[in-house]
Number of protein chains: 2
Amino acid sequence: MTSQAKSRRLPEGLLDSCVAAFAEAGTLDLSLDQLSRHVGISKRMLIHYFGSREAIEHRAMLRLEDNLRAHFAPESLPAGSSAETAVMALWRRATDPASKGVLLLTMDVSRRAWNGSAAARRFYREQQRLWAALLGRFVSDKAVVEEILQVLQGAAVTYLITGDAQPGKRSLKRVLTTWTARVGQEHRKRHTR
Amino acid sequence: MTSQAKSRRLPEGLLDSCVAAFAEAGTLDLSLDQLSRHVGISKRMLIHYFGSREAIEHRAMLRLEDNLRAHFAPESLPAGSSAETAVMALWRRATDPASKGVLLLTMDVSRRAWNGSAAARRFYREQQRLWAALLGRFVSDKAVVEEILQVLQGAAVTYLITGDAQPGKRSLKRVLTTWTARVGQEHRKRHTR
DNA sequence: CATTTCTTGTACCATACGGTACATGACTTC
DNA sequence: GAAGTCATGTACCGTATGGTACAAGAAATG
(Lines give C-alpha, C1' and ligand atoms only; values in the text may rest on other atoms or scores of the structure.)
Protein backbone atom coordinates (compact mmCIF):
# COMPACT_ATOMS: atom_id res chain seq x y z
CA MET A 1 0.00 0.00 0.00
CA THR A 2 1.40 3.36 -0.96
CA SER A 3 1.02 6.67 0.83
CA GLN A 4 -2.54 7.52 -0.18
CA ALA A 5 -4.40 4.81 1.68
CA LYS A 6 -7.75 5.52 0.09
CA SER A 7 -9.37 8.38 -1.69
CA ARG A 8 -12.44 7.81 -3.77
CA ARG A 9 -13.17 9.93 -6.77
CA LEU A 10 -14.58 13.12 -5.35
CA PRO A 11 -17.99 14.48 -6.29
CA GLU A 12 -17.90 17.43 -8.65
CA GLY A 13 -17.00 20.64 -6.85
CA LEU A 14 -16.44 19.11 -3.45
CA LEU A 15 -12.79 20.03 -3.25
CA ASP A 16 -13.51 23.55 -4.39
CA SER A 17 -16.18 23.87 -1.73
CA CYS A 18 -13.67 22.80 0.87
CA VAL A 19 -11.11 25.31 -0.34
CA ALA A 20 -13.78 27.99 -0.30
CA ALA A 21 -14.68 27.08 3.28
CA PHE A 22 -11.04 27.18 4.31
CA ALA A 23 -10.63 30.53 2.62
CA GLU A 24 -13.69 31.94 4.32
CA ALA A 25 -12.31 30.74 7.63
CA GLY A 26 -8.88 32.10 6.71
CA THR A 27 -7.24 28.94 7.96
CA LEU A 28 -6.94 25.21 7.41
CA ASP A 29 -7.74 24.68 11.07
CA LEU A 30 -11.40 24.00 10.50
CA SER A 31 -12.85 21.03 12.33
CA LEU A 32 -14.45 18.38 10.20
CA ASP A 33 -17.78 19.27 11.75
CA GLN A 34 -17.48 22.92 10.80
CA LEU A 35 -16.20 22.04 7.38
CA SER A 36 -19.02 19.59 6.79
CA ARG A 37 -21.55 22.23 7.75
CA HIS A 38 -19.98 24.63 5.28
CA VAL A 39 -19.88 22.30 2.32
CA GLY A 40 -23.25 20.70 3.05
CA ILE A 41 -22.06 17.16 3.42
CA SER A 42 -21.75 15.04 6.51
CA LYS A 43 -18.47 14.59 8.31
CA ARG A 44 -18.97 10.93 7.68
CA MET A 45 -18.86 11.50 3.94
CA LEU A 46 -15.91 13.84 4.10
CA ILE A 47 -13.85 11.07 5.63
CA HIS A 48 -15.37 8.66 3.17
CA TYR A 49 -14.25 10.65 0.17
CA PHE A 50 -10.90 11.93 1.32
CA GLY A 51 -9.79 9.18 3.65
CA SER A 52 -8.60 11.41 6.45
CA ARG A 53 -8.48 14.93 7.67
CA GLU A 54 -4.85 15.21 6.67
CA ALA A 55 -5.74 14.21 3.12
CA ILE A 56 -8.32 16.97 2.98
CA GLU A 57 -5.74 19.53 3.98
CA HIS A 58 -3.23 18.15 1.55
CA ARG A 59 -5.55 18.18 -1.44
CA ALA A 60 -6.88 21.58 -0.46
CA MET A 61 -3.34 22.93 -0.52
CA LEU A 62 -2.74 21.50 -3.97
CA ARG A 63 -5.97 22.98 -5.25
CA LEU A 64 -5.20 26.32 -3.66
CA GLU A 65 -1.86 26.23 -5.41
CA ASP A 66 -3.60 25.76 -8.75
CA ASN A 67 -6.00 28.59 -8.02
CA LEU A 68 -3.19 30.94 -7.13
CA ARG A 69 -1.21 29.99 -10.18
CA ALA A 70 -4.21 30.91 -12.30
CA HIS A 71 -4.96 34.05 -10.33
CA PHE A 72 -1.42 35.36 -10.63
CA ALA A 73 -0.69 34.18 -14.12
CA PRO A 74 1.70 36.35 -16.13
CA GLU A 75 -0.95 36.83 -18.80
CA SER A 76 -3.21 38.52 -16.30
CA LEU A 77 -0.86 41.49 -16.17
CA PRO A 78 -0.89 44.32 -18.69
CA ALA A 79 1.64 43.21 -21.26
CA GLY A 80 4.69 45.35 -21.67
CA SER A 81 3.95 47.37 -18.58
CA SER A 82 6.72 48.80 -16.47
CA ALA A 83 8.02 46.94 -13.45
CA GLU A 84 6.41 49.43 -11.13
CA THR A 85 2.92 49.22 -12.57
CA ALA A 86 3.16 45.44 -12.72
CA VAL A 87 4.15 45.10 -9.08
CA MET A 88 1.53 47.62 -8.04
CA ALA A 89 -1.08 45.61 -9.91
CA LEU A 90 0.05 42.49 -8.12
CA TRP A 91 -0.12 44.16 -4.77
CA ARG A 92 -3.56 45.53 -5.49
CA ARG A 93 -4.74 42.09 -6.45
CA ALA A 94 -3.19 40.45 -3.40
CA THR A 95 -4.82 42.94 -1.05
CA ASP A 96 -8.18 42.94 -2.76
CA PRO A 97 -10.69 42.68 0.09
CA ALA A 98 -12.51 39.93 -1.77
CA SER A 99 -9.35 37.82 -1.64
CA LYS A 100 -8.54 38.46 1.98
CA GLY A 101 -9.54 34.93 2.94
CA VAL A 102 -7.17 33.50 0.40
CA LEU A 103 -4.35 35.65 1.68
CA LEU A 104 -5.09 34.56 5.23
CA LEU A 105 -5.16 30.98 4.08
CA THR A 106 -1.79 31.18 2.36
CA MET A 107 -0.32 32.79 5.46
CA ASP A 108 -1.79 29.96 7.50
CA VAL A 109 -0.03 27.51 5.23
CA SER A 110 3.16 29.49 5.74
CA ARG A 111 2.74 29.06 9.47
CA ARG A 112 2.40 25.34 9.00
CA ALA A 113 5.54 25.50 6.92
CA TRP A 114 7.57 27.15 9.64
CA ASN A 115 6.07 24.67 12.09
CA GLY A 116 7.55 21.88 10.04
CA SER A 117 4.77 20.53 7.83
CA ALA A 118 6.41 19.05 4.75
CA ALA A 119 3.38 19.64 2.53
CA ALA A 120 3.18 23.26 3.64
CA ARG A 121 6.88 23.72 2.98
CA ARG A 122 6.40 22.41 -0.53
CA PHE A 123 3.52 24.80 -1.04
CA TYR A 124 5.64 27.69 0.17
CA ARG A 125 8.58 26.82 -2.02
CA GLU A 126 6.34 26.56 -5.05
CA GLN A 127 4.68 29.83 -4.22
CA GLN A 128 8.02 31.58 -3.95
CA ARG A 129 9.09 30.11 -7.24
CA LEU A 130 5.89 31.29 -8.89
CA TRP A 131 6.27 34.84 -7.66
CA ALA A 132 9.94 34.97 -8.46
CA ALA A 133 9.21 33.88 -12.03
CA LEU A 134 6.45 36.42 -12.31
CA LEU A 135 8.62 39.23 -11.03
CA GLY A 136 11.50 38.12 -13.17
CA ARG A 137 9.50 39.13 -16.21
CA PHE A 138 9.67 42.74 -15.17
CA VAL A 139 12.77 42.98 -13.04
CA SER A 140 15.99 41.67 -14.47
CA ASP A 141 18.10 42.02 -11.33
CA LYS A 142 17.74 38.84 -9.29
CA ALA A 143 18.74 40.56 -6.08
CA VAL A 144 15.92 43.04 -6.54
CA VAL A 145 13.46 40.23 -7.17
CA GLU A 146 14.62 38.63 -3.94
CA GLU A 147 14.15 41.87 -2.09
CA ILE A 148 10.68 42.39 -3.51
CA LEU A 149 9.73 38.91 -2.38
CA GLN A 150 10.79 39.72 1.16
CA VAL A 151 8.94 43.01 1.11
CA LEU A 152 5.82 41.35 -0.24
CA GLN A 153 5.77 38.83 2.58
CA GLY A 154 6.36 41.42 5.24
CA ALA A 155 3.83 43.73 3.68
CA ALA A 156 1.26 40.95 3.66
CA VAL A 157 1.75 40.37 7.38
CA THR A 158 1.40 44.07 8.10
CA TYR A 159 -1.67 44.31 5.92
CA LEU A 160 -3.40 41.34 7.50
CA ILE A 161 -2.77 42.53 11.03
CA THR A 162 -3.42 46.23 10.65
CA GLY A 163 -5.80 46.14 7.72
CA ASP A 164 -3.71 48.86 6.12
CA ALA A 165 -2.27 48.09 2.71
CA GLN A 166 -0.52 51.42 2.38
CA PRO A 167 2.80 50.66 4.10
CA GLY A 168 3.28 47.71 1.81
CA LYS A 169 2.33 49.74 -1.20
CA ARG A 170 4.73 52.53 -0.28
CA SER A 171 7.59 50.15 0.40
CA LEU A 172 7.08 48.30 -2.85
CA LYS A 173 6.96 51.54 -4.74
CA ARG A 174 10.14 52.69 -3.04
CA VAL A 175 12.01 49.56 -4.00
CA LEU A 176 10.85 49.80 -7.58
CA THR A 177 11.51 53.50 -8.08
CA THR A 178 14.99 53.41 -6.56
CA TRP A 179 15.80 50.42 -8.70
CA THR A 180 14.53 51.92 -11.95
CA ALA A 181 16.31 55.16 -11.07
CA ARG A 182 19.57 53.33 -10.53
CA VAL A 183 19.16 51.37 -13.73
CA GLY A 184 18.40 54.52 -15.72
CA GLN A 185 21.37 56.21 -14.16
CA GLU A 186 23.74 53.43 -15.09
CA HIS A 187 22.30 53.53 -18.57
CA ARG A 188 22.98 57.21 -18.87
CA LYS A 189 26.47 56.81 -17.46
CA ARG A 190 27.29 54.06 -19.88
CA HIS A 191 25.96 56.13 -22.77
CA THR A 192 27.60 59.44 -21.94
CA ARG A 193 30.92 58.03 -20.95
CA MET B 1 -15.60 42.75 39.18
CA THR B 2 -13.17 44.05 36.58
CA SER B 3 -11.57 42.20 33.74
CA GLN B 4 -8.95 40.20 35.62
CA ALA B 5 -11.21 37.93 37.63
CA LYS B 6 -8.48 36.49 39.78
CA SER B 7 -4.76 36.20 39.65
CA ARG B 8 -2.81 35.44 42.76
CA ARG B 9 0.71 36.66 43.19
CA LEU B 10 2.81 34.28 41.19
CA PRO B 11 5.67 32.27 42.65
CA GLU B 12 9.10 33.55 41.77
CA GLY B 13 10.09 32.63 38.24
CA LEU B 14 6.86 30.91 37.30
CA LEU B 15 5.99 33.34 34.54
CA ASP B 16 9.50 33.15 33.15
CA SER B 17 9.30 29.37 33.14
CA CYS B 18 6.08 29.58 31.18
CA VAL B 19 7.58 31.96 28.66
CA ALA B 20 10.58 29.67 28.34
CA ALA B 21 8.28 26.71 27.71
CA PHE B 22 6.34 28.65 25.11
CA ALA B 23 9.57 29.69 23.44
CA GLU B 24 10.85 26.14 23.39
CA ALA B 25 7.58 25.05 21.81
CA GLY B 26 7.74 28.02 19.45
CA THR B 27 4.08 28.75 20.03
CA LEU B 28 1.55 29.79 22.62
CA ASP B 29 -0.55 26.79 21.66
CA LEU B 30 0.72 24.60 24.43
CA SER B 31 -1.90 22.67 26.34
CA LEU B 32 -2.03 23.25 30.05
CA ASP B 33 -0.93 19.69 30.58
CA GLN B 34 2.15 20.09 28.41
CA LEU B 35 2.90 23.44 29.95
CA SER B 36 2.56 22.08 33.45
CA ARG B 37 4.95 19.26 32.63
CA HIS B 38 7.46 21.79 31.34
CA VAL B 39 7.36 24.13 34.30
CA GLY B 40 7.10 21.39 36.91
CA ILE B 41 3.83 22.43 38.44
CA SER B 42 0.42 20.84 38.18
CA LYS B 43 -2.18 22.08 35.77
CA ARG B 44 -4.33 22.57 38.82
CA MET B 45 -1.89 25.12 40.19
CA LEU B 46 -1.41 26.88 36.87
CA ILE B 47 -5.11 27.66 36.83
CA HIS B 48 -4.90 28.52 40.50
CA TYR B 49 -2.22 31.12 39.99
CA PHE B 50 -3.23 32.63 36.69
CA GLY B 51 -6.97 32.20 36.76
CA SER B 52 -7.36 30.90 33.25
CA ARG B 53 -5.51 29.73 30.23
CA GLU B 54 -6.17 33.01 28.49
CA ALA B 55 -4.59 34.89 31.38
CA ILE B 56 -1.47 32.76 31.07
CA GLU B 57 -1.16 33.65 27.43
CA HIS B 58 -1.80 37.29 28.12
CA ARG B 59 0.79 37.59 30.85
CA ALA B 60 3.26 35.57 28.84
CA MET B 61 2.88 38.02 25.98
CA LEU B 62 3.52 40.95 28.28
CA ARG B 63 6.59 39.29 29.70
CA LEU B 64 7.85 38.39 26.27
CA GLU B 65 7.44 42.01 25.31
CA ASP B 66 9.65 43.03 28.23
CA ASN B 67 12.24 40.46 27.31
CA LEU B 68 12.37 41.63 23.74
CA ARG B 69 12.58 45.24 24.76
CA ALA B 70 15.62 44.37 26.83
CA HIS B 71 17.11 42.11 24.20
CA PHE B 72 16.85 44.74 21.47
CA ALA B 73 17.66 47.76 23.56
CA PRO B 74 19.42 50.59 21.75
CA GLU B 75 22.31 50.41 24.21
CA SER B 76 23.03 46.87 23.10
CA LEU B 77 24.19 48.13 19.74
CA PRO B 78 27.68 49.46 19.08
CA ALA B 79 27.30 53.18 19.66
CA GLY B 80 27.91 55.43 16.71
CA SER B 81 27.95 52.57 14.28
CA SER B 82 26.71 52.98 10.75
CA ALA B 83 23.17 52.14 9.80
CA GLU B 84 24.30 49.11 7.91
CA THR B 85 26.35 47.55 10.68
CA ALA B 86 23.57 48.28 13.16
CA VAL B 87 20.90 46.58 11.07
CA MET B 88 23.20 43.69 10.33
CA ALA B 89 23.80 43.27 14.04
CA LEU B 90 20.06 43.27 14.65
CA TRP B 91 19.49 40.68 11.98
CA ARG B 92 22.26 38.50 13.35
CA ARG B 93 20.75 38.72 16.77
CA ALA B 94 17.22 37.98 15.52
CA THR B 95 18.37 34.92 13.63
CA ASP B 96 20.66 33.62 16.34
CA PRO B 97 19.86 29.88 16.52
CA ALA B 98 19.61 30.15 20.29
CA SER B 99 16.75 32.60 19.87
CA LYS B 100 14.88 30.68 17.25
CA GLY B 101 12.17 29.72 19.70
CA VAL B 102 11.62 33.35 20.59
CA LEU B 103 11.35 34.29 16.95
CA LEU B 104 8.87 31.50 16.36
CA LEU B 105 6.93 32.63 19.37
CA THR B 106 6.70 36.23 18.19
CA MET B 107 5.57 35.03 14.79
CA ASP B 108 2.95 32.93 16.51
CA VAL B 109 1.73 36.02 18.28
CA SER B 110 1.62 37.77 14.92
CA ARG B 111 -0.59 35.01 13.63
CA ARG B 112 -2.92 35.52 16.54
CA ALA B 113 -2.89 39.19 15.70
CA TRP B 114 -4.00 38.63 12.12
CA ASN B 115 -6.56 36.19 13.43
CA GLY B 116 -8.05 38.98 15.48
CA SER B 117 -6.72 38.60 19.02
CA ALA B 118 -6.74 42.05 20.59
CA ALA B 119 -3.89 41.25 22.96
CA ALA B 120 -1.78 39.95 20.11
CA ARG B 121 -2.54 43.04 18.06
CA ARG B 122 -1.36 45.20 20.91
CA PHE B 123 1.83 43.16 21.15
CA TYR B 124 2.45 43.53 17.44
CA ARG B 125 1.86 47.27 17.44
CA GLU B 126 4.24 47.70 20.35
CA GLN B 127 6.82 45.54 18.68
CA GLN B 128 6.64 47.58 15.51
CA ARG B 129 6.98 50.76 17.50
CA LEU B 130 10.02 49.40 19.29
CA TRP B 131 11.78 48.41 16.09
CA ALA B 132 10.88 51.62 14.35
CA ALA B 133 12.35 53.62 17.21
CA LEU B 134 15.45 51.49 17.19
CA LEU B 135 15.95 51.86 13.46
CA GLY B 136 15.18 55.56 13.66
CA ARG B 137 18.39 56.01 15.57
CA PHE B 138 20.40 55.00 12.54
CA VAL B 139 18.16 55.81 9.62
CA SER B 140 16.73 59.28 9.39
CA ASP B 141 14.40 58.67 6.46
CA LYS B 142 11.07 57.42 7.80
CA ALA B 143 10.15 55.78 4.52
CA VAL B 144 13.33 53.75 4.66
CA VAL B 145 12.59 52.71 8.22
CA GLU B 146 9.18 51.56 7.09
CA GLU B 147 10.70 49.59 4.28
CA ILE B 148 13.23 47.95 6.54
CA LEU B 149 10.45 46.92 8.86
CA GLN B 150 8.64 45.20 6.01
CA VAL B 151 11.79 43.49 4.85
CA LEU B 152 12.56 42.32 8.37
CA GLN B 153 9.18 40.69 8.71
CA GLY B 154 9.36 39.03 5.34
CA ALA B 155 12.91 37.95 5.97
CA ALA B 156 11.89 36.43 9.28
CA VAL B 157 9.21 34.36 7.59
CA THR B 158 11.65 33.17 4.96
CA TYR B 159 14.25 32.36 7.56
CA LEU B 160 11.87 30.37 9.74
CA ILE B 161 10.53 28.34 6.88
CA THR B 162 13.69 27.67 4.93
CA GLY B 163 16.21 27.91 7.75
CA ASP B 164 18.27 30.18 5.53
CA ALA B 165 19.05 33.62 6.90
CA GLN B 166 20.98 34.72 3.83
CA PRO B 167 18.14 36.08 1.67
CA GLY B 168 17.08 38.33 4.51
CA LYS B 169 20.61 39.42 5.12
CA ARG B 170 21.18 40.23 1.48
CA SER B 171 17.94 42.15 1.14
CA LEU B 172 18.59 44.17 4.25
CA LYS B 173 22.07 44.97 3.05
CA ARG B 174 20.72 45.99 -0.33
CA VAL B 175 18.22 48.38 1.21
CA LEU B 176 20.84 49.92 3.42
CA THR B 177 23.57 50.31 0.82
CA THR B 178 21.28 51.83 -1.81
CA TRP B 179 19.98 54.23 0.79
CA THR B 180 23.39 55.30 2.07
CA ALA B 181 24.53 55.61 -1.54
CA ARG B 182 21.63 57.86 -2.37
CA VAL B 183 22.15 59.95 0.74
CA GLY B 184 25.85 60.34 0.02
CA GLN B 185 25.06 61.28 -3.55
CA GLU B 186 22.62 63.98 -2.52
CA HIS B 187 25.19 65.23 -0.08
CA ARG B 188 27.76 65.51 -2.79
CA LYS B 189 25.30 67.13 -5.14
CA ARG B 190 24.31 69.68 -2.57
CA HIS B 191 27.97 70.43 -1.82
CA THR B 192 29.21 70.68 -5.36
CA ARG B 193 26.27 72.60 -6.73
C1' DC C 1 -6.13 25.14 71.11
C1' DA C 2 -9.75 26.28 67.82
C1' DT C 3 -10.94 28.32 63.66
C1' DT C 4 -10.22 30.03 59.55
C1' DT C 5 -7.62 30.59 55.40
C1' DC C 6 -4.33 29.12 51.99
C1' DT C 7 -2.28 25.47 49.15
C1' DT C 8 -2.18 21.32 46.79
C1' DG C 9 -3.36 16.57 44.82
C1' DT C 10 -6.78 13.42 42.92
C1' DA C 11 -10.38 12.54 40.51
C1' DC C 12 -13.50 14.12 37.74
C1' DC C 13 -16.59 16.83 34.08
C1' DA C 14 -18.26 18.72 29.70
C1' DT C 15 -16.91 19.61 25.29
C1' DA C 16 -14.75 19.08 20.90
C1' DC C 17 -12.00 16.47 18.01
C1' DG C 18 -10.93 12.81 14.26
C1' DG C 19 -12.59 8.69 13.12
C1' DT C 20 -15.39 4.11 13.13
C1' DA C 21 -19.24 0.34 13.59
C1' DC C 22 -23.16 -0.81 11.97
C1' DA C 23 -27.37 -0.66 9.77
C1' DT C 24 -30.16 0.55 5.88
C1' DG C 25 -31.33 1.45 1.52
C1' DA C 26 -30.21 2.16 -3.50
C1' DC C 27 -28.01 0.31 -7.62
C1' DT C 28 -25.76 -2.80 -10.35
C1' DT C 29 -24.91 -7.39 -12.39
C1' DC C 30 -25.76 -12.05 -13.33
C1' DG D 1 -34.88 -11.82 -8.23
C1' DA D 2 -30.55 -13.01 -5.62
C1' DA D 3 -26.07 -11.35 -4.41
C1' DG D 4 -22.88 -8.23 -4.04
C1' DT D 5 -21.32 -3.41 -4.06
C1' DC D 6 -21.81 1.38 -3.00
C1' DA D 7 -23.65 5.52 -0.48
C1' DT D 8 -25.24 7.47 3.53
C1' DG D 9 -27.07 8.47 8.34
C1' DT D 10 -26.92 7.58 13.29
C1' DA D 11 -24.77 6.60 17.03
C1' DC D 12 -20.86 5.90 19.07
C1' DC D 13 -15.59 5.59 20.66
C1' DG D 14 -11.13 7.11 22.48
C1' DT D 15 -8.51 10.99 23.36
C1' DA D 16 -7.31 15.67 24.53
C1' DT D 17 -8.73 19.98 26.22
C1' DG D 18 -9.71 23.77 29.78
C1' DG D 19 -11.46 23.77 34.04
C1' DT D 20 -13.73 22.26 38.67
C1' DA D 21 -15.30 19.64 43.15
C1' DC D 22 -13.73 18.06 46.95
C1' DA D 23 -10.88 16.62 50.39
C1' DA D 24 -6.92 16.92 53.10
C1' DG D 25 -2.95 18.92 54.86
C1' DA D 26 -0.35 23.29 56.18
C1' DA D 27 -0.17 27.81 58.04
C1' DA D 28 -1.85 31.69 59.99
C1' DT D 29 -4.76 34.00 63.55
C1' DG D 30 -7.91 34.72 67.37
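How many Å separate the centres of domain 1 of chain A and domain 2 of chain A, taken over C-alpha atoms? The separation is 28 Å; point 3 below returns to the two domains.

1. Some ground rules to begin with. This is a predicted model, in which local features need pLDDT of at least 70, side-chain atom pairs count only at pLDDT 80 or more, and totals for chains, interfaces and linings use all residues. Residues are numbered from 1 along each chain as its sequence is written, while chains are lettered from A and ligands numbered from 1 in the order in which they are written.

2. (Helices, H or I, of at least four residues and strands, E, of at least two are DSSP runs, numbered from the N terminus.) The C-alpha atoms of chain A fill a box of roughly 75 × 40 × 30 Å along the principal axes. Of its 193 residues, 36% count as buried, a label that requires 20 or more other C-beta atoms, placed from the backbone, within 10 Å of a residue's own. Residues 24 or more positions apart make up 59% of the chain A contacts with a separation of 6 or more; a contact here means C-beta atoms, placed from the backbone, within 7 Å.

3. Now for the domains, whose bounds come from an automatic or database domain assignment. Chain A is divided into domain 1 (10-71) and domain 2 (77-193). Where they touch, domain 1 of chain A gives 12 residues and domain 2 of chain A gives 11. On the domain 1 side, helix H1 (14-25) and helix H4 (53-71) of chain A each supply at least two residues, and H4(A) has the largest share, with 6.

4. The two protein copies deserve a look together. A rotation of 180° with 0.0 Å of shift along its axis superposes chain B on chain A, with an RMSD of 0.0 Å; that is the relation of a two-fold axis. The superposition is by least squares on the C-alpha atoms of residues with pLDDT of at least 70 in both copies. Gly154(B) is the residue of chain B that comes closest to the axis, at 1.9 Å for its C-alpha.

5. Gly163(B) follows the helix, with a positive phi near 80°.

6. Finally, the DNA. Of the 15 residues around DNA strand D, Ser42(A), Ser31(B), Leu32(B), Ser52(B) and Arg53(B) come nearest; to be near, a residue needs its C-beta atom, placed from the backbone, within 6 Å of the strand. Helix H3 (43-50) of chain A, together with helices H2 (32-39), H3 (43-50) and H4 (53-71) of chain B, each supply at least two residues of this surface.

Methods. A residue is buried if 20 or more other C-beta atoms lie within 10 Å of its own, exposed if 12 or fewer, and partly exposed in between; C-beta atoms are placed from the backbone. Two residues are in contact if their C-beta atoms, placed from the backbone, lie within 7 Å.
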